[in-house]
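Dear colleague,

Please find below the structure that I am handing over to you, together with its sequence. A summary of what was found follows it.

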Amino acid sequence: MTSPPMTSPPVTSPPVTSPMVSVTNVSKAFGDVVAVSDVTFSVGPGVTALLGPNGAGKSTLFRLMCGLTPPSQGTVHVFGVDARRNREVRGRIGLAPQQDALFDRLSARRFVELAAETHAIADPTEAAARALGFVDLDPAEAKPVGAYSKGMRQRVKLAAALVNDPDVLILDEPLTGLDPVQRNRMIRLFHDLGDAGKCLLVSSHVLDEVARLGSDVLVIAQGRLAAAGDYRALRSLMDDRPHRIRVVAEQPRALAAALLARSLVDGVSVATDQLVADTSDVDAFGRAIAPLARELGVRLREVQPLDDDLESVFRYLVERR
Amino acid sequence: MSDARILDRGYRAYEGSRSGVAGAVRSVAWHTVRSILGLGRKGRHKVFPVVVIVIGFVPAVAFLAIAILLGDFGDEVRPEYWEFFNFSVMAALVFTALVAPEAIVRDRRDGMYALYLSTPLTRPTYLLAKVIAVAGTLSIITAGPALLAFLGYTFQGLGPEGVVDGIWVGARVVLAGVAISVIYTAVSLGASSLTDRRAFASVAVILLMLGLSLATALMVDAAGMTESLRLLDPLGTPLEIPARLFGNRTVEYIDIGTLPVVLANLGWLLLGAGTLVYRYRRLAAV
Amino acid sequence: MSAGTSMRVVEPLRALRLTYRVVLAQLVTRGRLAALVLVGAVVAAVAAAVGVSDEIDDPLEAAVRVIADLGFTALVPIVALVFATAALGDLRDDGTLVYLWLRPMDRWPVVAGAWAAAVTVGLPLTVIPLGVASVLVDGGGALVGATVLAGVVAVIAYSALFLLAGLLVRNAIVWGLAYVLVWEGIVAGYGNIPARMSVRGYTRSIITSRTGVDLDLGDLSLAPSVIVPLVAAAVALLLAARRLRSMDIA
């Protein structure tokens, strides 16, 4: 009685252009609390970072994608079907959930083996050993995972998510509790998997982590999708906010005065060998700075945009609302 | 640089008055009562305690209604005050199994216990607050029905004659209710201190109180063993207190003197409290 | 796009076996076993006391009372309650249910496997002490047979009902205790309909019909008192599978 309806469409490998995960007009409310509000996006192969402050709705969005909870409105599809209904597609998803919950009385190898068995992997022992190898854990360790440290448990969770060689990997805050060396290793692993055509969705609220995960971001704030795409492209869309540019030069004071006089900057602060200018028109500034320096006889050493980074995007999108 | 300074850490010391240990005990006790009864939480957290309390009051209200309807003609069937304590044993038991684990097990599981010990509270004062909360809440269902009967009878002119007599009866009703609550509190907190999971604490309370009650009843009634075995029943023995206070004996304990009843109750009180204190002395505040 | 699009699914029987193994490993803890073995020993001890007593008018009736009052009002429902509510309820509460849920498996084998695990632990913890008790209490062969039959039926039914409860409400043990103590213990005595909605009514009927000793609630003949609880168990498991499909997973 619980088998999925026989009429459900067979899952086929979609053409390269069709998204692997698509979220359409999805809202999710828990009682009076709206956790996710009218979110639409789709993702394909590669690493996509889901970025947002704590409580923004990241985990809810991930749970929706995996079918762990149904949307109040809209549709969530993985390979064109609902993971809540379709047994087959659940075998193509790997999830590392946020909660620190494992079967505490099993060893790491047994835990990951169990994940492989419940994914109908032909050789669970071999698959478990391989997955544990990815995350740098020893398959021969007999200690139960209940006795593991937070970082080790985090890696056991990752190994279990990887063991079925999933096409879609959903990793909720996978880097918390890891030391910097492991963090680098995991980020490299994520990139390798993304390059191999897997779809990875990785959430984080730590900005420099996300910056290293890749340039594709989904920014979520208060349950709404605040932005999606390459964060450098996003930055250039934010034109109503002054960009900050540092100019290292001789005689910064003279240069600053000239920039102000020609209304190329909105504000400027000057130090002994450099100035930091705020401008709302980066292009005009960029075209004007070199000729101006030549005109003044000032030698430019360095012109560098200061806020072309993720943090400024994030601040703009999340904190200024 | 030698003139380094931290100007403002954004920290403000609390300058107001402090209520001290008594205030801390009061506050922990009150918050425990609130969490037991689901006060200040959504309706579904209140369902369970309310249902059990209502079930506990149903027999008393029914008897009271009949007694009042019959008025003076009902002298024959009108239950006496002490009998009201026996009408809702099962509800009281379920309530106890709900209350004690909620009061102490959750704190240990979610780390609040360690947090409490970082305040002016110590282990004894923390436990005191919990005992006050549990005994107070249990009194709703142990003393409540009898108190209701007392008020109802008095209001209908079926109660004690005169103020002095009224106070004397009322005092015994209250005393009996509190005594039962305190013994149930000790036994149930003692059992709850043995496990870190609320669910198993509930089961432990039930197994101990109901299991021993059933077992001793069978030993006496079915196996014909000595009636004194009933003193090993932590559910029934405290209920003998109101009977004795009103100069009666229940059928089950008819051959047992008052001194053994008092000693047995004292024994259960000490056993429960002792287990509780022993467990908490060994418990590290993590 | 990469490979890895093969359609792997776990066959139902295999899913059942996997769930069974995991849940069994999670259920069996030393503390739980020790406590419940102790309770079983108390039951057997009371039975022995009744068995050796020579102050009894009707030994069979006394024996039946021990088995029915101690065994089937307390031991069996509480043992089943502890393990069946934990079978899937613990996994749901601590967030590990996702490791059996987000898998290419059907729902019903998960429910069936968890239930089988609960029964596997519950049966020996109840039927063995009650069987021993029924021998010690000296009630004759009919009582031993009735006790074992009623024990098996009760563990099967209670486990299914409480497994469902574990998926429906958060503190299922407390609700289960209320059902056992208040519903079966009090309400069932007030009428025919509540009595028919109590497992206790059927287990007592089994004992009554096999031994001839009258018990409250025990007024059904043997066939329905075995069949109805089994049907109720099957319905509870079907509902549990439906619930597992429709519920939110942490």
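**Strands and sheet of chain A**

In β9(A), Asp230(A) is the bridge partner of Asp216(A). This is a predicted model, in which local features need pLDDT of at least 70 and side-chain atom pairs count only at pLDDT 80 or more, while totals for chains, interfaces and linings use all residues. Residues are numbered from 1 along each chain as its sequence is written; chains are lettered from A and ligands numbered from 1 in the order in which they are written.

Strand β9 (residues 224–230) of chain A pairs with β8(A) in the antiparallel sense over 6 bridges. (Strands are DSSP runs of E with at least two residues, and helices are runs of H or I with at least four, numbered from the N terminus; two strands pair if DSSP finds at least two bridges between them.) The hairpin of β8(A) and β9(A) has 2 residues between the strands, and Gln222(A) takes a positive phi near 50° there. Strand β8 (residues 216–221) of chain A is also joined to strand β3 (residues 46–51) of chain A, by 3 bridges, and these two run parallel. In that pair, Leu50(A) stands opposite Leu218(A) in β8(A).

The domain assignment, which is automatic or taken from a database, divides chain A into domain 1 (21–235) and domain 2 (242–306). The C-alpha centres of the two domains of chain A lie 44 Å apart.

An open sheet of chain A consists of 4 strands in the order β11-β12-β10-β13, with antiparallel pairing. β11 (267–270) and β13 (300–305) of chain A stand at the edges with a single partner strand each, so one side of each has no neighbour in the sheet. On average, neighbouring strands of this sheet are turned by 15° against each other, direction ignored. Strand β10 (residues 243–249) of chain A runs antiparallel to β13(A), to which 5 bridges join it. Ala249(A) stands opposite Leu300(A) in β13(A).

Two helices lie across strands of the sheet. Helix α9 (residues 252–261) of chain A lies across β10, β11 and β12 (274–279) of chain A and runs at about 175° to β11(A). (Angles run from 0 to 180 degrees between N-to-C directions, and axes are lines fitted to C-alpha atoms, for helices over the stretch in contact.) Helix α10 (residues 282–296) of chain A lies across β10, β12 and β13 of chain A, at about 15° to β10(A).

**Helix packing within chain C**

The axes of helix α3 (residues 59–94) and helix α5 (residues 108–136) of chain C come within 9 Å and cross at roughly 160°. (Ala, Val, Leu, Ile, Met, Phe, Trp, Tyr, Cys and Pro count as nonpolar, Asp, Glu, Lys and Arg as charged, and the others, Gly among them, as polar.)

**Contacts between chains**

Which chains have the most contacts between them? Of the 2 pairs of chains that touch, chains A and C have the most. (Two residues are in contact if their C-beta atoms, placed from the backbone, lie within 7 Å.) This contact takes 33 residues from chain A and 31 residues from chain C. On the side of chain C that touches chain A, α1 (12–27), α4 (98–101) and α10 (222–246) of chain C each supply at least two residues, and α1(C) has the largest share, 4 residues. By class, that side of chain C has 18 nonpolar, 6 polar and 7 charged residues.

Chain B has 24 residues in contact with 26 residues of chain C. α9(B) gives the most to the side of chain B that touches chain C, with 11 residues. That side of chain B has 21 nonpolar, 3 polar and no charged residues.

Helix α9 (residues 198–221) of chain B packs with α3(C) at an angle of about 170°, and their axes are 10 Å apart. That makes α9(B) roughly antiparallel to α3(C). The residues of α9(B) in this packing include Ile206(B), Leu210(B) and Leu214(B), which meet a set in α3(C) that includes Arg65(C), Asp69(C) and Ile78(C). The contact of α9(B) with α3(C) has 12 nonpolar, 2 polar and 2 charged residues.

Chains A and B do not touch, and their nearest C-alpha atoms are 12 Å apart.

Yours sincerely

Note on methods
Parallel < 35°, antiparallel > 145°, perpendicular 65-115°, else oblique.
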